[in-house]
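The sequence and structure are shown first, and the account follows.

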Amino acid sequence: MGKPSTNRDWSQIYVIYGMEQWQTLLFLLFQAVLFSSMSVLFLIYFDPICAYFEATLLSSAAWARFAGGFAGCVTALSAVCLFYAAGNFFYSALPLHHDMAQRIVGAVSDWSTVKNALDLGCGRGILLNAVATQLKKTGSSGRVVGLAQCKRIALSTLRTANMEGVQEYVTCREGDARRLPFPDNYFDVVVSAAFVHTVGKEHGHRTAEAAAERMRVVGELVRVLKPGGVGVVWDMVHAAEYVRRLQELRMDDIRVSERVTAFMMSSHIVSFTKPSEHVVGLGEVRLDWR
């Protein structure tokens, strides 16, 4: 999977796309600062804390110092982990998402022949606009449709497309990914970034019901893809499920990227080609390290 080079001003990108779920980031930072303060207090008041442990909980001075030191170490380690989690969340929310969008675009060999593309779960439009930019660069007359879950998201996505200067290549449509409002064999390319794993989350991510909902999405993705078309999905945790379903649907050239940590979870890019003719037998799976 290729990785087109990009030279972007990150301050401009943050202005365009903003920060989703900033409340989570603030919560992580608040907890990190809280635990950091507690660890400093443990360090400053170590002897009084040990004396308190000895007087109230432990009869031995040695055990009291051990308990005080252990509690201080755990508090400091918790602060480090929370700062790391906050940093990873901040990085995953936009810089990594933008980078993965470029990798997804690079997984399609020839955009000049693409007439219709679909971004499943377009969100803020990071991947959608990357696809539109690629269509614009190649001089294609194609268009990319972003499937949004509600009108508010669709309008927000169209605004970012306008800010990126690719509005003429982009349209948005509300719809349910489990019942795509498009005919069979319609799109040359179908892409999705950090969306499919959210389908069925009301059942719990690890439940059979949620897995069934995700597999319905994969089936719909294949249904609307033209024979010979390319599908590329970047998603969290469940890449092995997608591969098994794509094998069952007899897809060709199934590829799985190296593991990428996003939002403190393991993620992969899965790409495949819809065969022009019916193929008997399970598709081959390749591990792509490019």
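Asn116 stands opposite Arg143 in strand E2. The strand concerned, E2 (residues 143-148), pairs with strand E1 (residues 116-120) in the parallel sense over five bridges; two strands count as paired if DSSP finds at least two bridges between them. Helices (H or I, at least four residues) and strands (E, at least two) are DSSP runs, numbered from the N terminus. The chain passes from E1 to E2 by way of helix H5 (residues 126-137), and this β-α-β crossover is right-handed, a term that applies if, with the strands pointing away from the viewer, the path from the first strand over the helix to the second runs clockwise.

The model is predicted: local features need pLDDT of at least 70, side-chain atom pairs count only at pLDDT 80 or more, and totals for chains, interfaces and linings use all residues. Residues are numbered from 1 along each chain as its sequence is written, and side-chain values use heavy atoms, with hydrogens and water left out.

E1 also runs parallel to strand E4 (residues 187-193), to which three bridges join it. Within E4, Val191 is the bridge partner of Asp119. Four of the five residues of E1 are buried, and the strand is mostly covered. Buried means under 20% relative accessible area, exposed over 50%, and partly exposed in between (1.4 Å probe, protein chains only).

Arg143 lies over the face of Tyr169, at 5.3 Å from the ring centre; this requires NZ of Lys or CZ of Arg within 6 Å of the ring centre and within 35 degrees of the ring normal. Val170 belongs to strand E3 (residues 170-174) and is buried, with 7% relative accessibility. Apart from neighbours within four places in sequence, Val170 is in contact (heavy atoms within 4.5 Å) with Leu128, Asn129, Ala132, Val144, Leu158 and Ala161.

The structure holds six aromatic pairs. Rings of Phe, Tyr and Trp (its six-membered ring) pair if their centres lie within 6.5 Å; planes under 30 degrees apart count as stacked, over 60 as edge-to-face and the rest as tilted.

Phe66 and Phe70 are four residues apart in helix H4 (residues 61-106), so about one helical turn separates them. Phe66 is exposed at 51% relative accessibility, and Phe70 is exposed at 53%. Ring pairs link Trp63, Phe66 and Phe70 into a cluster. In the other pair, Tyr186 is partly exposed at 34%, whereas Phe187 is buried at 0%.

In helix H2, the buried residues are Leu25, Leu28, Gln31, Ala32, Ser36, Ser39 and Phe42. They pack against helix H3 (46-56) and H4.

Arg250, which is not a glycine, has a positive phi of about 65°. Arg250 is placed in the loop between helix H8 (239-248) and strand E6 (252-256), and is partly exposed at 28%. Asp253, likewise not a glycine, has a positive phi of about 50°. Asp253 is found in strand E6 and is partly exposed, with a relative accessible area of 30%.
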